[in-house]
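Please read them beside the sequence and the coordinates.

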Amino acid sequence: MKDKILMFSTIILSVFGLVMIYSSSYIWAEYKFGTPFKYAINQGVFLIIGIVLMLIVSKINYNLYKDKSNLIILVSFILLVLVVIPGVGIVRNGSRSWFGIGSFGIQPSEISKIALVIFVSKYLSRNDKEKRLTKNFVLPILLIIILFFGLIMLEPDFGTGMIIVCSLIGLIFVTGTNLSIFVKLGLVGILGIIGLIIVAPYRLQRITSFLNPWSDPLGSGFQIIQSLYAIGPGGLLGQGFLNSRQKHFYLPEPQTDFIFSIISEEFGILGVIIVATLFIIIFYRCIKIALNTDDLFAKYLVFGLSFMMIFQTLLNLAVVVGIIPVTG
């Protein structure tokens, strides 16, 4: 039986997102393309495609993903290798993470999110009896995760890499394996993050701008300052729909990662609460489905996909409000 609350919450959030993409982008779209509807139309097309695919995929037996998991992960791996090759992958915003024809682009790292969840879910369900034997249970799948994380870091795309790692570690955690492994992984992860920051000067600049954005207000601190300038004046009810000031060439590309800033500015705390509530409903329904599922593969698949959404959302919101540094 389909979860109607989950479906309608997802559709409402998606439609509201489409409306806000228009509101946040029409100034930029008019300036760049001569039409205020450019980004909204593009997103609208993908929304329709997404809804159609959602209905189609809902009819597919999930065991098909389990049977084809090796093929899916292999295709994902090949795409990640190809995209980092100069001349094959397209560089956008300093990251070679796209295949594209004209304005249409595909990110292999997004495909790898789903591919890894399917593959890891199959592995965990088939080796469930080994979960207390940490070495035999965890290490093989960790090597796969590290391999994909390394390929994504070659683009580089630290944010996506961290979402994948955190989500899959969370998925391993819910299997009930020995907790000591997570302490060790946490220490290794902290050292790894420090190393990645040291080898990439721009990441260190983002840490500095996070601690004190005003140390470089026109450089590394510019985006977070403009984001906070949008969030601050929102108040309880906001400035009103279409009335954001920061989208007038202050906040860079406000229709993308920092759209939440425009939502806060135009709809205030009330808008933030509504959006947050819709996300919480979606997450709650997904976790409830996972908990009520008896089939181990299906259970881990739902948990993994849910964790991907949860960590993606939390990371984005934390960056926009200045809780953590801008990723990249």
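1. Helix 6 (134-153), helix 7 (158-173) and helix 8 (180-199) each supply at least two residues of the lining of the second largest pocket, with helices taken as DSSP runs of H or I of at least four residues, numbered from the N terminus. Helix 8 gives the largest share of this lining, 8 residues.

2. This is a predicted model, in which local features need pLDDT of at least 70 and side-chain atom pairs count only at pLDDT 80 or more, while totals for chains, interfaces and linings use all residues. Residues are numbered from 1 along each chain as its sequence is written, and side-chain values use heavy atoms, with hydrogens and water left out.

3. The second largest pocket holds about 540 Å³ of space. Among the 18 residues that line the second largest pocket, Val165, Ile169, Leu185, Val188 and Gly189 are the closest to its centre. By type, the lining divides into 15 nonpolar residues, 3 polar and no charged, and Gly is counted as polar in this scheme.

4. Helix 2 (residues 38-57) has 20 residues and reaches 28 Å from its first C-alpha to its last, close to the 28 Å expected at 1.5 Å a residue. Its buried residues (under 20% relative accessible area, 1.4 Å probe, protein chains only) are Tyr39, Ala40, Gly44 and Leu47. They lie on the same side of helix 2, because they cover an arc of only 130 degrees around the axis.

5. Which residues are exposed (over 50% relative accessible area) on the other side of helix 2? They are Ile41 and Ile48, whereas the buried residues of helix 2 pack against helix 1 (4-33), contact being heavy atoms within 4.5 Å.

Definitions and conventions: The expected span of a helix is 1.5 Å times one less than its number of residues. The arc is that of the directions from the helix axis to the C-beta atoms. On a 1 Å grid over the protein atoms alone, a cavity is a set of points where a 1.4 Å probe fits but cannot get out, and a pocket is an open set with protein on both sides within 12 Å along at least five of seven lines; lining residues have an atom within 4 Å of a point. Grid points are joined across faces, edges and corners, and a volume is the space filled by probe spheres set on the points.
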